[in-house]
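Me: I'd like to learn how to read a structure like this one. Could we go through it together?

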Amino acid sequence: AAAAAAASPPSSRHPPENPKATSTPARSTSAGEDEVEGGDVDLITSPKRGRGRRTSRGRELSAPPVVIILHDFFLKKGTSLLSNKGIQRLFASYVLFGVDPDKTETPAAKKPSKGNKLVSLNFERRFCFDATEPSTDPSVICGPKLAKALRAVAKHIKKENTFEFVIDFVSEPQDEHGECEMIGKSVVDFAQIAREGKNLERKEIPILDGADPTKAIGGMHVTIRIAEALGHLLNKRTRSRSREHA
């Protein structure tokens with residue numbers, strides 16, 4: 001629920017948000033312009049007046065870029081997924097800043113043949129907040145609407161002291177008529193990164209069972225660089241309040 005402030009509805013390739021409803025029709029994805037979809041972004045409160053140039057799509061922000069890298073993953077020895085012949089390929093997916101989910105899901109990778117064997121993903125996305133035109137690099141996502149979504153994340157952290165960033169771990173259907181299945185997820189609290197002012201650099205985080213989130217079925221190595229961007233906004237909010245009460 002926490003991540004809903006800056007997220008948009010998942011694509012049909014993605015599993016449903018409710019882990020109990022674990023299937024959805026698969027489809028082939030298609031590339032498009034690096035735009036932020038409307039959806040929940042339209043529900044975000046407009047930023048207050050301040051520095052930054054207004055555009056027809058939002059307002060720019062001089063915050064550092066946010067970088068998300070999904071390096072690799074593994075499944076633990078003994079997990080039933082390893083012996084499940086109906087699941088052969090897996091991919092990771094997340095929703096962030098209202099960006100089209102097709103742009104933030106990894107290519108499908110072959111399921112590891114044994115436990116604790118690393119499977120490479122090497123999937124990087126860089127979110128920039130000070131550009132008005134789409135990037136020609138598919139790994140770079142730009143646009144002033146991203147700045148609006150980042151402000152919403154900072155506002156949520158300030159109010160709730162938490163913001164869960166969720167990475168879904170999904171099975172790829174074996175044919176075009178099959179269905180995706182959400183088999184697990186990893187969760188990172190952006191608020192903790194903001195409080196500590198420390199990014200995650202190739203950090204191992206658990207993959208939790210989709211049916212039983214108290215149980216880990218594997219792990220994923222990730223890099224998440226968002227401390228500077230959130231600190232830029234949260235510190236600015238603190239300074240503004242201090243001046244108001246001075």
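Me: Where is the place of Gly218?

Reply: Gly218 sits in strand β12. Strands (E, at least two residues) are DSSP runs, numbered from the N terminus. This is a predicted model, where local features need pLDDT of at least 70, side-chain atom pairs count only at pLDDT 80 or more, and totals for chains, interfaces and linings use all residues. Residues are numbered from 1 along each chain as its sequence is written, and side-chain values use heavy atoms, with hydrogens and water left out.

Me: Is Gly218 buried or exposed?

Reply: Buried means under 20% relative accessible area, exposed over 50%, partly exposed in between (1.4 Å probe, protein chains only). Gly218 has 6%, so it counts as buried.

Me: Which residues is Gly218 in contact with?

Reply: Contact means heavy atoms within 4.5 Å. Leaving aside neighbours within four places in sequence, Gly218 is in contact with Phe74, Leu75, Lys76, Pro206 and Ile207. Ile207 is eleven residues apart from Gly218 along the chain, and their C-alpha atoms are separated by 5.0 Å.

Me: What does the side chain of His221 make a polar contact with?

Reply: A polar contact is a pair of N or O atoms within 3.5 Å; within protein, one must be able to donate a hydrogen and the other to accept it, and residues adjacent in sequence count only if both atoms are side-chain atoms. His221, also found in strand β12 (residues 216–225), pairs its side chain with that of Asp72 at 2.6 Å and with that of Glu204 at 3.5 Å. His221 is buried because its relative accessibility is 15%.

Notes:
Helices (H or I, at least four residues) and strands (E, at least two) are DSSP runs, numbered from the N terminus.
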